[in-house]
Amino acid sequence: GLIFYDTKITVMNRVLNATVQRTADHAAPEITLDPLEIVGGEIRSSENSYFCQAARQLACVPSSQLCVKLASGGDPTYAFNIRFTGEEVHGTSGSFRHFLWQVCKELQSSLLSLLLLCPSSAVNKNKGKYILTPSPITYAEEQLLHFFGQLLGIAIRADVPLPLDLLPSFWKTLVGEPLDPDADLQEADILTYNYVKKFENINDETELEALCAEIASQHLATESPDCPNKPCCKFTYLTMTGEEVELCPRGRHIPVVWENKDVYATAIRSLRMRELQTPECMTAVRAGLGSIIPLQLLTTLTPLEMELRTCGLPYINLEFLKAHTMYQVGLMETDQHIEFFWSALEMFTQEELCKFIKFACNQERIPFTCPCKDGGPDTAHVPPYPMKIAPPDGAAGM
């Protein structure tokens, strides 16, 4: 916390350029994607997704071939080239950025099971935020999580912000920071947070009985074995994926009473913390990330800084866009129609601005900072910036 973000990123960028493993005399790996598999936005199976198509083809490519220098200049070097079946696309930048946008869209859908919408979304808190799916993984899922980690590193080297909406707990676990059992639980699952708080704040057995009756009315409790007509809770709870699990050995047979109600609350909180940390899944993600960038770099970054470096800003900063826009011959920033253009963008909602950026630059987000030094001898814009505005192709006045 004592080092400025820009200073950290400067050091990080130097380390990334010093750890390049694919030199200019090595051809870039190439993958072939079939756009027809996702035509109309409907993908018939997860195996046909861009994410899985790419994971299969890059599985046999040494990770060293994906470690390239930071993107800069007019024609940057990317980790791999993309060829679309049946299409003749000139240049690699647009296809690469579109690929990253598409895989983020797939990851945050029901198509792939790697990410899970956080339970708080159900009650409009942290709506649209995702976490790693907390469940045992197969070997195939481990490989996909490894590839997901590689994509995070590939995007950092390419300086293409990923439109991923992940809870802070993901970034905390990624950089090795401990979770806050109160704040992170509230962010991820506010219903469970409130449930736990009710048990922690009970003052006497009468309140406990009333709470169990309330829970029984919601079909979450059973009758006490000692008093058949008296509802009680057992040492079980639902996981984030909806499975009922025992919070301790023989938990289904242990009722929650005044003497153990704090143990019950602590056990539920611990269950959620384990699910948010997902050690098995995060190990695979970190292994993938570590094959592209040195993991030691993460020790200097806070979770928020890691998110900003990987995903940029979730909103469009028009001042950044104006500062990184160039006008081709015949146009000036003071031209009336150019002023109209910026005035129109200022009236756009953030959702509309994201669509405009996708149309103009083939990515939804802009970087948090840009390594370019405008006016300096070593100006190095990161494509697709500067955005270029050209005169119309038609006759004058059209």
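1. Start with Arg-269 and Glu-200: they form a salt bridge, and their closest N and O atoms sit 3.0 Å apart. (Salt bridge here: a side-chain nitrogen of Lys or Arg within 4 Å of a carboxyl oxygen of Asp or Glu.) The pair links distant parts of the chain, with Arg-269 in helix H9 (residues 261-277) and Glu-200 in helix H7 (residues 190-200), 69 residues apart. Helices (H or I, at least four residues) and strands (E, at least two) are DSSP runs, numbered from the N terminus. Arg-269 is buried at 12% relative accessible area, while Glu-200 is partly exposed at 28%. The cut-offs: buried is under 20% relative accessible area, exposed over 50%, partly exposed in between (1.4 Å probe, protein chains only).

2. Before going on, keep in mind that this is a predicted model: local features need pLDDT of at least 70, side-chain atom pairs count only at pLDDT 80 or more, and totals for chains, interfaces and linings use all residues. Residues are numbered from 1 along each chain as its sequence is written, and side-chain values use heavy atoms, with hydrogens and water left out.

3. A search of the whole structure turns up 16 salt bridges. One of them joins Arg-83 to Glu-30, with 3.2 Å between the closest N and O atoms. Arg-83 is in strand E2 (residues 81-84) and Glu-30 in strand E1 (residues 30-33), so this pair ties together parts that are 53 residues apart in sequence. Arg-83 is partly exposed at 43%, and Glu-30 is partly exposed at 48%.

4. Now the nonpolar cores (sets of buried Ala, Val, Leu, Ile, Met, Phe, Trp, Tyr and Cys residues joined through side-chain atoms within 4.5 Å). The largest has 65 residues, and Phe-51, Phe-80, Phe-99, Phe-148 and Leu-174 touch the most other members. Helix H4 (residues 139-158) gives this core its largest share, ten residues. Apart from it lies another core, of 18 residues, including Phe-235 and Tyr-264.

5. Thr-236 belongs to strand E7 (residues 236-238) and is buried, with a relative accessible area of 11%. Its side chain makes a polar contact of 3.2 Å with that of Glu-244. (Polar contact: a pair of N or O atoms within 3.5 Å; within protein, one must be able to donate a hydrogen and the other to accept it, and residues adjacent in sequence count only if both atoms are side-chain atoms.)
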